[in-house]
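Colleague: I have this model open on my screen and I'd like a close look at one part of it. Could you take the helix I've highlighted, then walk me outward from there?

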Amino acid sequence: MSVLPATGCNPHVNAIDPPPIPTAQAWLGVYDGAYGPAIDLSQAVPGYPPHPDMLARLRDAAGSLDYAGYGPIEGEDALRRSLGDHVAELYGAPLSGSSIHITAGCNQAFFAASMAIAGPGDCVLMSNPCYFNHEATLAMQGIETAYFSCRAENGFQPGLKDIEDAITDRVKAVALVSPNNPTGAVYDADRLQGIFDLCRNRGLRLILDETYRDFLPAQVLAPHRLFDNPDWGRTLVQLYSFSKAYCIPGHRVGAVTTGPDLVAQIAKVMDNLQICAPRAAQAALAGAISPLADWRKDNAAEIARRAAAFRTALAGAEDWPIRAIGAYFAYVEHPFANRMSASVARDLAQNHGLLCLPGAFFGPDQERYLRFAFANADVSTIGLITDRLNSAIR
């Protein structure tokens, strides 16, 4: 992607590439349908509708005068309590709503949290590959991004020594996503504990985006034990999105779970950024977390079936190895050693009706990879991928 020069604009914003998803989706505009309907695996969106009870709750809350005015900056008390209870149960640790700040989606959660933690000239460490919206968010604030590599040979897992070696005096936080976007890699509890301990000992915040935690394998009881640390709120900044688990990305509700001192700082940011997250959606979610628990588990099982279908589809494709796969994403090595990832992805979209994202969108040295967001396609559709990938190398 390239950026046209602009005048009279914030140079930090001007230097950022255009939004990646629409850029890639435009490639499908010239597809002629030769291989059947286009398959869009570019964006992490739920490939099934919200629960009918969720829709009813949204309808009732949207039609209520109770939620037509401004609400608490930190979020609706009912949702903060409900989410606090859920997180406490999930992680087996005491937690209250005072440790939670509700935001308009998880991207805003990262924006508000990072602004509360770091300022222009400071630095945040991120994995390479990384989630592009996190990278852009830091860049437009004048916060430097430094990287530690997550390599294919290690399953794209972060290495403790790699992180430690990358820390400088200007680093204020380490930012991780697990299950990871773009690779899908899941970081085990011991690895996360080691990174947490490193951050705590160095006086850094650990920003941990767990947007996809609801889709971990059923046998995973808790993704980590970081809340067991008595002073967890001084280090951990957990981010969450309701978009995937409840199939409501358009309603924009996310959350930050951290110490009350940082919640208070985030409230200052939110008051000027949005004032409060959408209130009707918050009200609907407050009463839905517990009742929809079994439905969420069923959806996690469906996503696991789609992941299995993707593995099967790629097993039948020639020279398209999966290097990592997880809750929503697979990171695939393409077979063209001398081609840029954007060229490969554009060709798949325009000539074969298969849209994914190029590795170059996710950081330096990612030209050999493509990200497939398989969760938004059903099993039968995923089965069509094999022929399209094979046709691309013939």
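Modeller: Let's start with helix α6, residues 132–140, where the buried residues are Phe-132, His-134, Thr-137 and Leu-138. Keep in mind that this is a predicted model. As for spacing, an α-helix has 3.6 residues a turn, so residues three or four places apart point the same way. After α6 comes Gly-142, with a positive phi near 75 degrees.

The loop between β3 (123–128) and α6 holds Pro-129, and the peptide bond joining Asn-128 to Pro-129 is cis, with an omega of about 10 degrees. Pro-179 sits in the loop between β5 (171–177) and α8. For background, most residues other than glycine have a negative phi, and most peptide bonds are trans.

Phe-156 is not a glycine, yet its phi is positive, about 60 degrees. You'll find Phe-156 in the loop between β4 (144–149) and α7 (160–166). Its relative accessibility is 2%, so Phe-156 counts as buried. Asp-319 also has a positive phi, about 65 degrees, without being a glycine. The loop that carries Asp-319 runs between α11 (293–315) and β9 (322–325). Here the relative accessible area is 57%, and because exposed means over 50%, Asp-319 is exposed.

While we're in the loops, look at Gly-203, between α8 (189–202) and β6 (205–209). Gly-203 has 64% relative accessibility, so it counts as exposed.

Next, a helix pair. Helix α3 (residues 52–62) packs with helix α10 (residues 279–286) at an angle of about 135 degrees, and their axes are 8 Å apart. That angle is why α3 counts as oblique to α10. The α3 and α10 crossing is right-handed. On the α3 side, the contact uses Met-54, Arg-57, Leu-58, Ala-61 and Ala-62. They meet Ala-280, Ala-281, Ala-283, Ala-284 and Leu-285 of α10.

Last stop is helix α12, residues 341–352. At 1.5 Å a residue its twelve residues should span 16 Å, and the end C-alpha atoms are 16 Å apart, so the two agree. Buried in α12 are Ser-341, Val-344, Ala-345, Asp-347, Leu-348, Ala-349 and His-352. These buried residues pack against β11 (354–355), β12 (357–358), β13 (369–373) and α14 (385–391). And what follows α12? Gly-353 does, with a positive phi near 65 degrees.

Key: Residues are numbered from 1 along each chain as its sequence is written. This is a predicted model: local features need pLDDT of at least 70, side-chain atom pairs count only at pLDDT 80 or more; totals for chains, interfaces and linings use all residues. Side-chain values use heavy atoms; hydrogens and water are left out. Buried means under 20% relative accessible area, exposed over 50%, partly exposed in between (1.4 Å probe, protein chains only). Helices (H or I, at least four residues) and strands (E, at least two) are DSSP runs, numbered from the N terminus. Axes are lines fitted to C-alpha atoms, for helices over the stretch in contact, and angles run from 0 to 180 degrees between N-to-C directions. Angles under 35 degrees count as roughly parallel, over 145 as roughly antiparallel, 65 to 115 as roughly perpendicular and the rest as oblique. A crossing is left-handed if the near helix is turned anticlockwise from the far one by less than a right angle, and right-handed if clockwise. Contact means heavy atoms within 4.5 Å. The expected span of a helix is 1.5 Å times one less than its number of residues.
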